[in-house]
Amino acid sequence: MPSTTDPSRINLYINEVAPRDGFQNEAKFIDTDDKIALIDRLSNCGFAKIEVTSFTSPRAIPALRDAEAVMHRIRRHPDVLYTVLVPNARGAERALACQIDEANLVMSLSKSHNRANLRMGREQSFQQLQEVVAVLKRTPVLINVSLSTTFGCPMLGDIADDEIWRWMDRFAAIGVHGFTLCDTTGMAFPSQVQRICEGARTRFGEQQLTLHFHNTRGMALANTLAAINAGVVRFDAALGGLGGCPYAPGASGNVCTEDMIHMLDLMGYRTGIDLTAVLQAACLLPAMIGHEVPGQVLKAGRRLDLHPQPEQLQSA
Ligand code: COA
Ligand code: ZN
């Protein structure tokens, strides 16, 4: 889709990832019932997809050790695709027992981050994920691969574009349905995003392409617009701007859902999302997780939520 296209003709598809990317990073364990209530609320906000939880080792990510309970007890909305993070074959088995719609496999393009996060080399990760894909392909479950640190690794720096294409080629060859290019620690910047998104769309037109930005350096909304200019229509975002990888130094929150929708609505893009309902959901977060959240619209109000004038101006 060229950048000259009228925004009101562009449908954007938002994947709400706070229940996974957000909660995985919280020090305090969030009550299972609270997680379920929040996801049920999010299911009625108009999201295309919700990343519900993660079937990782409970020792690695204790915050999501209730993955089965959450997955079994949420109320599914027929228009929402429910996806979960799956790091290995054990995770795939557990996820398949919970009737997931999509498995989100994860591998880092940086060998150091892959070792820190998944405790193995990239080749070993790929071999394991290849086995997972083989199992999933016998089911109707969709397969997405999230490639962490695509826009830079906090330990090794830039990832060469050819390295991105090489790993995408290998995953495309084994039949995955979608890719998510992840800016794990907010190293992406708009012109880089546009170049990589254009490259990915040209090379991998058969797979769905999603972009996953973190706002670590304040560039996430700018990067979102750069990706839209390159024709990307699918984005991850986290309510309140929660999020972060516990195994990436300096990681902080995802692009904030309500801030992103607020901007996209003003510009006339079609997201299908009820911003008022999203803001109401975001309001519940501080009490649920025990601290303030980075989202800005929640604090400042929407652009045209006007304030009363001071009295001396009213009488003038
Ligand atoms: N679900 C539940 N338990 C799992 C599991 C899974 N998906 N994968 C491994 N385990 C358990 C094993 O059963 C084993 O338990 P035991 O010691 O009681 O026998 C233990 O975890 C270690 O297993 P091992 O195969 O040696 O895995 P590992 O320690 O090398 O860990 C990962 C590999 C990928 C499971 C782990 O590093 C992980 O979950 N990392 C988190 C990645 C993540 O979600 N990061 C943030 C998002 S990007
Ligand atoms: Zn993330």
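Buried means under 20% relative accessible area, exposed over 50%, and partly exposed in between, with a 1.4 Å probe and protein chains only. This is a predicted model, in which local features need pLDDT of at least 70 and side-chain atom pairs count only at pLDDT 80 or more, while totals for chains, interfaces and linings use all residues. Residues are numbered from 1 along each chain as its sequence is written, chains are lettered from A and ligands numbered from 1 in the order in which they are written, and side-chain values use heavy atoms, with hydrogens and water left out.

**Two loop residues**

Select Gln-99, in the loop between helix H4 (89-96) and S4; helices (H or I, at least four residues) and strands (E, at least two) are DSSP runs, numbered from the N terminus. Gln-99 is not a glycine, yet its phi is positive, at about 55°. Most residues other than glycine have a negative phi. Gln-99 counts as exposed because its relative accessibility is 52%.

Now go to Thr-149, in the loop between S5 and helix H7 (161-173). Thr-149 also has a positive phi, near 60°. Its relative accessible area is 0%, so Thr-149 is buried.

Show the side chain of Thr-149 together with that of Ser-108: the two make a polar contact at 3.1 Å. A polar contact is a pair of N or O atoms within 3.5 Å; within protein, one must be able to donate a hydrogen and the other to accept it, and residues adjacent in sequence count only if both atoms are side-chain atoms. Ser-108 belongs to strand S4 and is buried, with a relative accessible area of 1%. A polar atom of the Ser-108 side chain also lies 3.3 Å from the backbone nitrogen of Ser-110.

**The zinc ion**

Select ligand 2, the zinc ion. Its protein donors are Asp-21 (OD), His-212 (NE2) and His-214 (NE2), at 2.0 to 2.2 Å. Donors are N, O and S atoms within 2.8 Å of the metal (3.2 Å for Na, K and Ca); water is not among the atoms, so sites may look incomplete. Along the chain the donors follow the spacing D-x190-H-x1-H. His-212 is buried at 4% relative accessibility, and His-214 is buried at 3%.

**Ligand 1**

Select ligand 1 and the 18 residues around it, of which Phe-55, Arg-59, Asn-88, Arg-94 and Asn-117 come nearest; a residue is near a molecule if one of its heavy atoms lies within 4 Å of it. Then display the backbone. A polar backbone atom of Thr-56 is 3.4 Å from a nitrogen atom of the ligand. Ser-57 has a backbone N or O atom 3.2 Å from an oxygen atom of ligand 1, and Gly-91 has one 3.2 Å from a nitrogen atom of ligand 1.

**The largest pocket**

A pocket is found on a 1 Å grid over the protein atoms alone, as an open set of points where a 1.4 Å probe fits, with protein on both sides within 12 Å along at least five of seven lines; lining residues have an atom within 4 Å of a point. Select Thr-56, Leu-85, Val-106, Asn-117 and Leu-118, which lie nearest the centre of the largest pocket among its 27 lining residues. Elements giving two or more residues to this lining are helix H1 (18-22), strand S4 (102-108), helix H5 (111-118) and strand S5 (142-148). H5 gives the largest share, three residues.
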